Amino acid sequence: MSRHTASEDSRALTLLALLTGLSFGCNGPAAAAPGAASEPLLAPHAPAEPTEAELVARGEQLVRLGACRDCHTPMKFDKDLGMPVPDYTRHLSGHPAGGPEPTGQPGAGDQAVIGPTFTSFRLPFGVVYSANLTPDVETGLGTWKVGDFIATMRTGHKKGSGRTLLPPMPWENLQPAPEADLVAMFAYLQSLPPVSNKVPAPQVPAEVVAKIDETNRRALETRTGAHASIKPAHTTTPSL
Ligand code: HEC
């Protein structure tokens, strides 16, 4: 009696799937992609290029999961609900120019006092305002390329080589993200209606910025190894 190895079994299943038109574990559009027949039968399934609409939809999911809205969309107080809610007329447009600042000072041991729109943060060393992420050319990310966005999240510096990002922007959470996810998030942000809103520059002393810059660089050095191992094999490399 012959014994089948696991790989022979999976090979038989794959051939069966191809012959019967069934698909085991690969239901994506790649299975029916034109030209698939000319590829080797047992080739690993290459991910199909997402359409622009799919990219934007995936980006929206990730931006929601990333809670970007919590700090980048101004909040307003809903009297009926008795709680603050996001003001979607200014979705992801950052701290409103001329908007209210935190009125109090952080108490002993406090990390920050957050302003009424949840877009301004008074830390013990100064005030930081959340950025306009809409594609407005003058005041938002309208002139950014996808590579600028990726470089920002990978390094914690604007566009990779600019000013270091200040707390509470949680860029480190995005630092190890697969490139395809960052590409999708940027595609979604660029699909938003542009909102003209010039966010004020942070009120933070230069020496504090320099210190945070140094901390970010050091954190990056210790994390580069981890990032390399998280990076998945299948990432799309856009033209940056
Ligand atoms: C806890 C609040 C908070 C959250 C959550 C947050 N951000 Fe930010 N973000 C900020 C603040 C504050 C700044 C401004 C930092 C500065 O001035 O250095 C900022 C800056 C940025 C910038 C730099 C833009 C520029 O013009 O320089 C980008 C890009 C960005 N955030 C994207 C995101 C994305 C994408 C998410 C969701 C995954 C997100 N942020 C979640 C607070 C936050």
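**Strands and ligand shell in a predicted model**

Modeller: In this predicted model, β1 and β2 form a hairpin with four residues between them, and G82 in the turn has a positive phi of about 70°.

Colleague: How do you know that β1 and β2 pair?

Modeller: Two strands count as paired if there are at least two bridges between them. Strand β1 (residues 75–78) and strand β2 (residues 83–86) have four bridges, in the antiparallel sense, so they meet that cut-off. M75, for example, stands opposite P86 in β2.

Colleague: What makes β3 and β4 a pair?

Modeller: Two bridges join β3 to strand β4 (residues 120–123). The cut-off is at least two bridges, so β3 and β4 count as paired. They run antiparallel, and I114 stands opposite F121 in β4.

Colleague: Why are β3 and β5 said to stand at the edges?

Modeller: Three strands form an open sheet in the order β3-β4-β5, with antiparallel pairing. β3 (113–114) and β5 (126–129) each have a single partner strand, so one side of each has no neighbour in the sheet.

Colleague: Which residues come nearest to the ligand?

Modeller: Of the 22 residues around the ligand, the nearest are G66, C68, C71, A131 and M169. A residue belongs there if its C-beta atom, placed from the backbone, lies within 6 Å. Helix α3 (residues 68–72) gives the most to this shell, with four residues.

Colleague: How do the shell residues divide into nonpolar, polar and charged?

Modeller: The shell has 16 nonpolar, four polar and two charged residues.

Notes. Residues numbered from 1 in each chain as written. Predicted model: local features only at pLDDT ≥ 70, side-chain atom pairs only at ≥ 80, totals over all residues. Nonpolar A, V, L, I, M, F, W, Y, C, P; charged D, E, K, R; others polar.
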